[in-house]
Amino acid sequence: MADEDRATEGGEANAHSNAGRERPGGTPSRGAMRLVILGSSITALAIAREAHALGLRPVIVDGKSGIAHRSSLVERAPLPEGNDADILSRVCALGGPDACLICTADLWLRFLRHNREALDAAFRSVLHPSNQTLDTCLSKVAFADWCLANRFDAPRYCRGDDARCLNGIRYPVLVRPAETLHHHSRSGIAKAVEAGSPEELGRLLERFRAAGAAALVAESLLGQRLIQYSVPFARRGAEIVSFVAQKVRPPADWCSTGTCVELSPNAEVEALARRSVEALDYFGIGEVEILHSLDSERSYLIEINARPWVQYSLATASGHDFLGFLLRPDRADRSPAVKRGLTWLHFSEDAYVCFSRSLGIVRRGRLSVFEYLRSLLRANVYALFSWSDPKPWLLGSLDWLRSLAKR
């Protein structure tokens, strides 16, 4: 669930009211605190909507036009074409004692990592953990090492260039980029791919070497019966606000971003996530990814994303006011949070998961039409739709219909 957002802007089905706690909120005053949001994805849109409801002024900063730019609730700050120094100068100019900063993609986290001193000085608060923690979360190898050092269950792993370790690994294995770099998708390197033999692994590692990317090879859990859990959280000092969600679709073997995700309370999984966050001495908003094996009855720590995740609107809808908890404790919603009964849906992306000609899980018999329709009826939180901000959904739906007409 915690990939960088894909740039799709498809329509939402069943666009009735979010069954959560979306607060109407008036237009923030010009003197209100600004929240500068790096990125314009679905994640950025959800963050902007929550910020507006809290009385903050959300400012979307990106060099390309994304779905968040279509919101009527945001201010837009286009970036100049140029190098990192020009971008840094523009972002810092948006800072001040009344401005906070948040990143919505790993690409922006790396920008923060490289320019931390200047950004910390420019903004009242940067809503992300220290660079040391960012280094652990942004590197698959560093995170695997950290899990081992702190005795968190994680799949056994090897570095892609460690021949001695690879000789003793059990197949099948899952091969992933050691670091989530933006250019991997353009280099033909998948986010994760399974190899069933040393020969297949060798071919994959050669592709990594050709692309100039390091690989992490871990024993695969995909042959087991798995539940994919996500634990979104916000931490400030010793306090943590969190909840548990389960990825309904796509299946675990897709190794892909969730398109249908629902609240699914699990005390053991949530406790594991909280222990990991505390061990990192984390500050800010993030998400812990955990795989639970029904075969071994063990839960494995897979990843900690040091930023908000794609399904962020689930937090707002369920009353887990992460931004309010961090920035406006006096304005945060104090009513009891919802822990079950909400299902988040990205309709167009989910339709692809279910009905694409090549992989669709309904087409291939992995999901019945009845189960698919029943999940649509459960959906009550949406990637794009919001009664208080319908423009992104309306324009996104038109784009999606146009794309269908061209096929």
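Leucine 401 is partly exposed, with a relative accessible area of 48%; on this scale buried means under 20%, exposed over 50%, and partly exposed is what lies in between, using a 1.4 Å probe and protein chains only. Leucine 401 sits in helix α14, residues 391-406. Helices here are DSSP runs of H or I with at least four residues, strands are E runs of at least two, and both are numbered from the N terminus. Together with Leu398 and Leu404, Leu401 makes a nonpolar surface patch of about 250 Å².

A word on the ground rules. This is a predicted model, where local features need pLDDT of at least 70 and side-chain atom pairs count only at pLDDT 80 or more, while totals for chains, interfaces and linings use all residues. Residues are numbered from 1 along each chain as its sequence is written, and side-chain values use heavy atoms, leaving out hydrogens and water. As for pLDDT itself, that's the predictor's confidence in each residue, from 0 to 100. The protein chain averages 89, and 88% of the residues score at least 70. Residues 1-25 are the stretch to treat separately: pLDDT is below 50 there, with 104 contacts in the model beyond near neighbours in sequence. Contact means heavy atoms within 4.5 Å.

Now to the inside. In soluble globular proteins, nonpolar side chains tend to be buried together. A nonpolar core is a set of buried Ala, Val, Leu, Ile, Met, Phe, Trp, Tyr and Cys residues joined through side-chain atoms within 4.5 Å. Here are the two cores:

| Core | Size | Residues, including |
|---|---|---|
| Largest nonpolar core | 55 residues | Leu35, Ile285, Leu314, Leu323 |
| Second, separate core | 46 residues | Val126, Cys137, Trp146, Phe152 |

The four names in the top row have the most contacts inside the largest core, and helix α1 (residues 42-53) gives the most to that core, with seven residues. Leaving aside neighbours within four places in sequence, leucine 314 is in contact with Phe243, Ala245, Val261, Leu263, Leu342, Trp344 and Val381.

Helix α5 (residues 131-138) is mostly covered, with six of its eight residues buried.

Zooming out, the protein chain has 14 helices and 17 strands, and 59% of its 407 residues count as buried.

Conventions. Patches are made of residues with over 30% relative accessible area and no salt bridge: like charges are joined within 9 Å, nonpolar side chains (Val, Leu, Ile, Met, Phe, Trp, Tyr) within 5 Å. Accessible areas come from the Shrake-Rupley method with a 1.4 Å probe; for residues, only the protein chains shown count as cover. A salt bridge is a side-chain nitrogen of Lys or Arg within 4 Å of a carboxyl oxygen of Asp or Glu.
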